[in-house]
Amino acid sequence: MADVASPIHHGDGDVTMAGTNGDAKKDIKLEDLFDDVDSDEEFPSSRPDQTKPSSPPVAPSSPIENGGGMSSSDPQVLRMFYQRLFPFRYLFQWLNHSPTPTNDFGHREFALTLNDATGNEIYLRYQSYPTSDLIRKDIISKLPTRFEIGPVYTTNPRDRKTLRNQSSFKPLAKELCFDIDLTDYDDIRTCCDKANICLKCWQFMTMAIKVIDAALRDDFGFKHIMWVYSGRRGAHAWVCDKKARLMDDQKRRAVAGYLEVVRGGSHGGKRVNLRRPLHPHLSRSLEILAPHFQDDVLDTQDPWSSSERAENLLSLLPDRALNESLRRKWDSSPGRASTSKWADIDAVARSGASKGLDARALLEAKQDVVLEYTYPRLDIEVSKKLNHLLKSPFVVHPGTGRVCVPIDTRRLDDFDPTAVPTVLGLIAEIDAWTDGGGDDDRDDNDGAGGGEKEGARKSKKDLADWEKTSLRPYIEFFRSFVLALMRDERDPKVKREREEAEGMEF
């Protein structure tokens, strides 16, 4: 029985799995795993094969076509999305790390958020599934507005209450995750606030991804890092390397602490206090962030245009006499742009306004200002605990209707959160797709890093529904990421990462 606010019964049986990390081996080419089935149903049934009908089955009718006015969390909309567009097979392969079912997936916790008949939310924890077919079947049956991914446990989460020794039910592994939300930038962004975003303030997220991604790769040696748009105003990082998944809470806290620079609340006071000389990570971060500070903070956000906001800047500078001179200058020139005020600091300092000015202290204070206004503001609690749950990629955000798509960091500066596909838009794209549209010669392997054998082509009638929509490049990117991860998991060198992870020093 699941832990829920109101009783919900489950008919799925539990399946005993093989070794925790897929001890059963098969000689399977990973590229062949990504061939798409020739129907709109992405995953074939686990029942014995039956004769296929001579014509394809009729797809579920579109809610847009039959009534319109639907919301993104309407059950009919969610049913179409989960049946025809959600990449369950790649989600399974991503979390399973193997083509054949293992405990990496079978002992993984999923938490589903449902709406009951009265509109109240029901949070269903400790759900688990042996295969991609069964998670797909259950999601389509329950139609959660979203679902979250938790850790791999010592046993099947559904069986936890049957254990004689309850303390033996423990989390074993989970991706190292990071969460960044633009509401944490409300004290410095001027274009939007709260849940609202635009391309101007999204640049704070671009800066954050660049800095954190560089640190995770260069300082910790992680390779398989996937960034996912949260659907509204943030981004999540999933570090999927085996040595990251096996880290205990102490190591996770150490990594999170290493990356945390901006501390404290947004109610005034200096939030960046760094020792000198700067750590190489911080020196590298300043190099990454300096151009963004000039263009995206000073020019675009103009954070100190008002006298009140300018006081925030003065509070971060170390010399009282310098501050008084700057205050007089700015009071005599109302509306002076932040770019000019930033330049005024050095100009007034050189004029001798403060005889006791410490030039090094001023330089360090200005570096701290740059970091306070640009450095990633992490929700650090998300990263500290092995058993923390995080929203799955590709679910639909119930407020915006946008799909939580992965972000290709190779094209990070081009990512536009306001242009991300919405569930209603995707359904309309399927409805609008006809045999006369698209490109007959488009290669399914295009940008995916896998798929059909080289030179093979798909006819339009064989395309999966997601391939007919603007969701295609995001699923292809995800497929490529999963393939690379599974290749490394099969590499004998990766099998030694458990010992390496246990010996990681912080």
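Predicted model: local features only at pLDDT ≥ 70, side-chain atom pairs only at ≥ 80, totals over all residues.
Me: Thanks! Where is the place of Thr145, and what does Thr145 touch?

Reply: Thr145 sits in the loop between helix 4 (132–142) and strand 3. Helices (H or I, at least four residues) and strands (E, at least two) are DSSP runs, numbered from the N terminus. Not counting residues up to four places away in sequence, Thr145 touches Ser73, Leu78, Tyr82, Thr113, Asn115 and Val396. Contact here means heavy atoms within 4.5 Å.

Me: OK, and strand 3 itself: how many of the residues of strand 3 are buried?

Reply: Seven of the eight residues of strand 3 (residues 146–153) are buried, so the strand is largely enclosed by the rest of the structure.

Me: How many bridges join strand 1 to strand 3?

Reply: Five bridges join strand 1 (residues 108–115) to strand 3, and the two run antiparallel. Two strands pair if DSSP finds at least two bridges between them. Ala111 has Glu148 in strand 3 as its bridge partner. Strand 3 is also joined by two bridges to strand 8 (residues 390–391), again antiparallel, with Ile149 partnered by Leu390. Two bridges link strand 3 to strand 4 (residues 171–173), antiparallel as well, and there Val152 stands opposite Ala173.

Me: Which strand does Tyr153 lie in?

Reply: Tyr153 lies in strand 3 and counts as buried, because its relative accessibility is 5%. Tyr153 and Pro171 are 18 residues apart in sequence and 4.3 Å apart in space, C-alpha to C-alpha.

Me: Changing topic: which residues have the most contacts inside the largest nonpolar core?

Reply: Tyr82, Trp94 and Leu216, in a core of 121 residues. A nonpolar core is a set of buried Ala, Val, Leu, Ile, Met, Phe, Trp, Tyr and Cys residues joined through side-chain atoms within 4.5 Å. Helix 5 (residues 199–218) gives the largest share of this core, eleven residues.

Me: What does helix 5 lie across?

Reply: Helix 5 lies across strand 5, strand 6, strand 7 (234–239) and strand 9, running at about 165° to strand 6. Axes are lines fitted to C-alpha atoms, for helices over the stretch in contact, and angles run from 0 to 180 degrees between N-to-C directions.

Me: And what order do the strands of the open sheet of four have?

Reply: The order is 5-7-6-9, with antiparallel pairing. Strand 5 (176–181) and strand 9 (406–407) stand at the edges, each with a single partner strand, so one side of each has no neighbour in the sheet. Two bridges join strand 6 (residues 225–229) to strand 9, and Trp227 stands opposite Ile407.

Me: Last one: at what angle do the axes of helix 11 and helix 12 cross?

Reply: The axes of helix 11 (residues 338–350) and helix 12 (residues 359–374) cross at roughly 175° and come within 12 Å. That makes helix 11 roughly antiparallel to helix 12. Angles under 35 degrees count as roughly parallel, over 145 as roughly antiparallel, 65 to 115 as roughly perpendicular and the rest as oblique.

Key
Residues numbered from 1 in each chain as written. Heavy atoms only, no water. Buried < 20%, exposed > 50% of the residue type's maximum accessible area, 1.4 Å probe, protein only.
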